[in-house]
Amino acid sequence: MREDHRVLVLLPPSEGKTAARRGKPLDLSALSFPELTPAREAMVERLVDLAVREPDGLRAALGLSERQGEEIARDAALLTAPTSAAGAVYTGVLYDALDLATLSTPARRRAGRWLVVMSALFGAVRVGDRIPAYRLSGDTVLPDIGAVGRTWREPLASVLPAAAGRGLVVDLRSSAYATMWTPDAALAARTVAVRVLAESRRDGRWVRTVVSHHNKSTKGRLVRALLEAGDDPRHVEELLEACAAVGFTAEAGEPPRPGRPHQVDVVVREL
């Protein structure tokens, strides 16, 4: 497989994060996508400053209660806190289902190459990058910075296309992180936005709905299965075949408008 043809899977981060108990402090220069270092430095510096000097303002911006003071303290200590691999820091339903730690060795290697996690603090990281636990969401509006998601559009504009090369982009991001980067027309032609639909029986007929508690867990299980299978889909049809081969029902949506990504629906039947 040529390096520039491999699949790139975009994941959302998790709201909850597991803090490392030990490890080296954050080294921004050691993260993947070094072109993002200046933007990362600015974002980290501003978040730490707010946590130290304006904790109440940051708490309001993050939508936290007074009982969640440990989240502010976590942001204040970003530069000295121990770090761990991003794949271990991010937790929650999707990452529990993905369960990176129990992947086979070949699948774990693919995860390091295929997976990119969008981050409101770091822009984009690979699962092996060492980061501290933090609290910042893609839809947060910070004083003097504004909407966090929008601040990453320019820095990511060249980084993610370069990471994608000429391969297929499988976009599993949530709406809060979709604002951080939009593929241009050329890349959109080989980008697939994955949606999870729940299918249930109502009044004698099958009905599909977008909002479902299956969403995150299904995406995690799908990515895990594809990593273990090791197929490298290069277009929508091959992705549909790869999904079917690992036991998922996936269907192509309507042909996209020019300059827009393809849509693939993964259907979960609720009996």
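**View 1. Surroundings of S84 in the predicted model.** Leaving aside neighbours within four places in sequence, S84 is in contact (heavy atoms within 4.5 Å) with A20, V89, D129, R130 and I131. S84 belongs to strand β2, residues 84–85; strands (E, at least two residues) and helices (H or I, at least four) are DSSP runs numbered from the N terminus. V264 lies 180 residues from S84 along the chain, and the C-alpha atoms of the two are separated by 33 Å.

**View 2. T83 in the loop between α3 (69–76) and β2.** T83 has a relative accessible area of 1% and is therefore buried (under 20%; exposed is over 50%, partly exposed in between; 1.4 Å probe, protein chains only). Its side chain reaches the backbone oxygen of K24 at 2.7 Å. Not counting residues up to four places away in sequence, T83 touches A20, R22, G23, K24, P25, L26, R130, I131 and P132.

**View 3. R46 in helix α1, residues 37–53.** R46 counts as buried because its relative accessibility is 13%. The side chains of R46 and D144 are joined by a polar contact of 2.7 Å (N or O atoms within 3.5 Å; within protein, one able to donate a hydrogen and the other to accept it, with residues adjacent in sequence counted only if both atoms are side-chain atoms). Beyond four places in sequence, R46 touches E54, P143, D144 and I145.

**Notes.** Residues are numbered from 1 along each chain as its sequence is written, and side-chain values use heavy atoms, leaving out hydrogens and water. The model is predicted: local features need pLDDT of at least 70 and side-chain atom pairs count only at pLDDT 80 or more, while totals for chains, interfaces and linings use all residues.
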